[in-house]
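Visitor: I'm new to this one. Can you put it up and take my questions as they come?

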Amino acid sequence: MNANDFNPHTPLSSLAPGMRGTITDIHTDDALRQRLQALGFRSGKDIEIIRKASFGGPVHYSTVSLVARRA
Amino acid sequence: MELLTGKILLGGDMAEIIDLPGIYDIHGFSEDEQVVRHFLHDNVPDLAVVVLNATQIERQLSLLIQLKQLNLNMVVLLNMADEAKKFGITIDGDKMAELLGMPIHLISAKYGQGQPEAMQAITKALRYPTPGMAEALRTQLEQDAHIEHEMARVLSSAVQVPARLSDTRTDKLDSLMLHPWLGLPIFFGIMYLLFQGIFFFGQPLQGGVAELLGWLRETVLDPACAGLPAWMSGLLLDGIYNGVATVAAFVPIIILFFLFMAIVEDTGYLSRAAFLMDALMAKMGLDGRSFVMLLMGFGCNVPALMGTRVMRSRSLRMLSMLVIPFSLCSARLQVFVFITAALFSPKAAPLVLFSLYLFSFAAAIITALLFKRQFANTEPFVLELPPYRFPTGRQMLLRGWHEVTHFLRRASQFIIAGVVLVWLLTNLPASAAPASADTLAGMIGAWLHPLFAPIGINEQLTIALIFGFVAKEIVIGSLAVIYGMSGDALGGALVQQLDWVQAYSFMLFTLIYTPCLSTIATLRNESKNNGFTAFALAWSLALAWLVSFLFYQAARALGY
């Protein structure tokens, strides 16, 4: 399944594990964007949702192995 | 955007240096990346000095290959080479330079290593400035596939990182370790095995060292000091030697503890623990990293407090720093191992110790829940999960050695001074019988008695607690001095004086009350806030008294 089928404003954390997509844009403050870029999370990169922690915990993304708490 | 520029004299010529923003990708669309792209497009520099972070070489090499395609005259500086070495990353600069066809220098800006060579290389490279930039630049910028290929070629032959699991193996292991239902039980299982392992291997060693130190006193030191005046041999043997020896017997356990922690840390499992625990920590206003710092605090609170520097949100950092001192650090562990071994049966002792770890977490949780509104956290939680790595033998040896020297430093700074002071307090004035109510220690104990009687702590233990304020290792050291005996004999003396309720109340108080002097100094340095430091101190004292009071009075009311 491709995330492009979704509303572009769908938050990443609402996608299900196994879904893939391409990052087209990152809307956030400069500090977080800088950090995400340092981790290889930037426009043009393909990502996959790998797993979500239980109890509403963080989401695990590839292509770099990255976890982020759901908003 | 304003670019920082400066002029310096290089090899007899003035050179203008322009500092471009730090970027990861010349193809990127961030503002910084656009600035760099436009700058290079419009002003071809005579020389581009590219400064990369050597610890992240795997990720940063792509930028270098992208830049190489622009046919710029380039010198590459791999900064933080000292850090990379610590992480076990070996970079063959010459090999890399040969493969990439450009000068590469390993430097450490922090310590100045490699700086003169780098300046020479820059001066030399400036003699042959970039001829100009081909118009085909834009099309060259698109060749992503070529970049990936080049990167793999250079990385595989010029960079060695510690052995790590392949990405597919890491994924497989993660699907077990980070399993939605099994992940947390596995984590607690690992922690349980870790502590079992420490005591299984550590306690025989501890007993051996204690016996050795006792034998040393009987056969060497007692005869050697026989000719000295009584007060002096008392100070040297019953004071300094007994005090330090009692503490030194725990060094093997502490080394094992840090070795085991280092293994867990070096494998990359701690960031998994942060992932697993983040949801629960979020409910307390903390995040997964705070949890990892609490775990690190089990070793020593000081590095754990400094570890909170990775948090950008000040309130998250303050709240984490408020709860970390409740972590049952290895110094407090020594006190508890000693007292549980003396007062509880071999079967009950591990359970008692485990219950203290639970109290340690409970104190942190209660504190976080009570104060999370004062330190509201808005920082997003983003964390990299590195591939699993195998810890190298060298790193572990270094770690063990570091702990030995750390102990020796603390011994020379605090423990000797502490036990000498305790000896003086329990032996002065000279007219009083040692450790009696007429000594200075007895007077202080009696003066504080109204405060400590309701929690079941007697005068002798009160004195030990006062010195535990400086360093928790001194607690058992000073008990050895107060009772004038060490090892098993000291344990026996404690059994004569205390029942288990008093002992447990004393351990609860020791666990929660003010962290050691080093921790307080670190709290002050890291928070840069005297009010916060004073608050952290006062709160832990109050909580310790309250918890001990509730436990002691409840246990007595129940007839124990």
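Visitor: Is the crossing of helix 9 of chain B and helix 10 of chain B left-handed or right-handed?
Guide: Right-handed: that is how helix 9 of chain B passes helix 10 of chain B. A crossing is right-handed if the near helix is turned clockwise from the far one by less than a right angle, and left-handed if anticlockwise. This is a predicted model, where local features need pLDDT of at least 70, side-chain atom pairs count only at pLDDT 80 or more, and totals for chains, interfaces and linings use all residues. Residues are numbered from 1 along each chain as its sequence is written, with chains lettered from A and ligands numbered from 1 in the order in which they are written.

Visitor: What angle do helix 9 and helix 10 of chain B make?
Guide: About 155°, with axes 9 Å apart, for residues 183–224 and residues 230–248 of chain B. Helix 9 of chain B and helix 10 of chain B are therefore roughly antiparallel, a label for angles over 145 degrees. Axes are lines fitted to C-alpha atoms, for helices over the stretch in contact, and angles run from 0 to 180 degrees between N-to-C directions. Helices here are DSSP runs of H or I with at least four residues, strands are runs of E with at least two, and both are numbered from the N terminus.

Visitor: Which residues touch there?
Guide: Helix 9 of chain B uses B:Val209, B:Leu213, B:Arg217 and B:Leu221, and helix 10 of chain B uses B:Leu237, B:Tyr241, B:Ala245 and B:Ala248. Contact means that C-beta atoms, placed from the backbone, lie within 7 Å. By class, this contact has 7 nonpolar, no polar and 1 charged residues. Ala, Val, Leu, Ile, Met, Phe, Trp, Tyr, Cys and Pro count as nonpolar, Asp, Glu, Lys and Arg as charged, and the others, Gly among them, as polar.

Visitor: How about helix 23 and helix 25 of chain B, what angle there?
Guide: About 165°, with the axes 8 Å apart. That pair is therefore roughly antiparallel, and the crossing of helix 23 and helix 25 of chain B is right-handed.

Visitor: New topic. What order do the strands take in the open sheet of chain B?
Guide: The order is 3-4-6, with 3 strands in parallel pairing. Strands pair if DSSP finds at least two bridges between them. Strand 3 and strand 6 of chain B stand at the edges with a single partner strand each, so one side of each has no neighbour in the sheet. The twist averages 20° from one strand to the next.

Visitor: How many bridges join strand 3 to strand 4 of chain B?
Guide: There are 6. In one of them, B:Leu52 has B:Leu78 of strand 4 of chain B as its partner. Helix 2 of chain B packs on the sheet, touching strand 3 and strand 4 of chain B. Helix 5 of chain B also packs on the sheet, touching strand 3, strand 4 and strand 6 of chain B.

Visitor: And chain A, how many of its residues are in contact with chain B?
Guide: 25 residues of chain A are in contact with 23 residues of chain B. Helix 1 of chain A gives the most to the chain A side, with 7 residues. That side divides into 12 nonpolar, 8 polar and 5 charged residues.

Visitor: Which sense do strand 2 and strand 3 of chain A pair in?
Guide: Antiparallel, over 4 bridges. A:Ile49 has A:Tyr61 of strand 3 of chain A as its bridge partner.

Notes:
Angles under 35 degrees count as roughly parallel, over 145 as roughly antiparallel, 65 to 115 as roughly perpendicular and the rest as oblique. Two residues are in contact if their C-beta atoms, placed from the backbone, lie within 7 Å.
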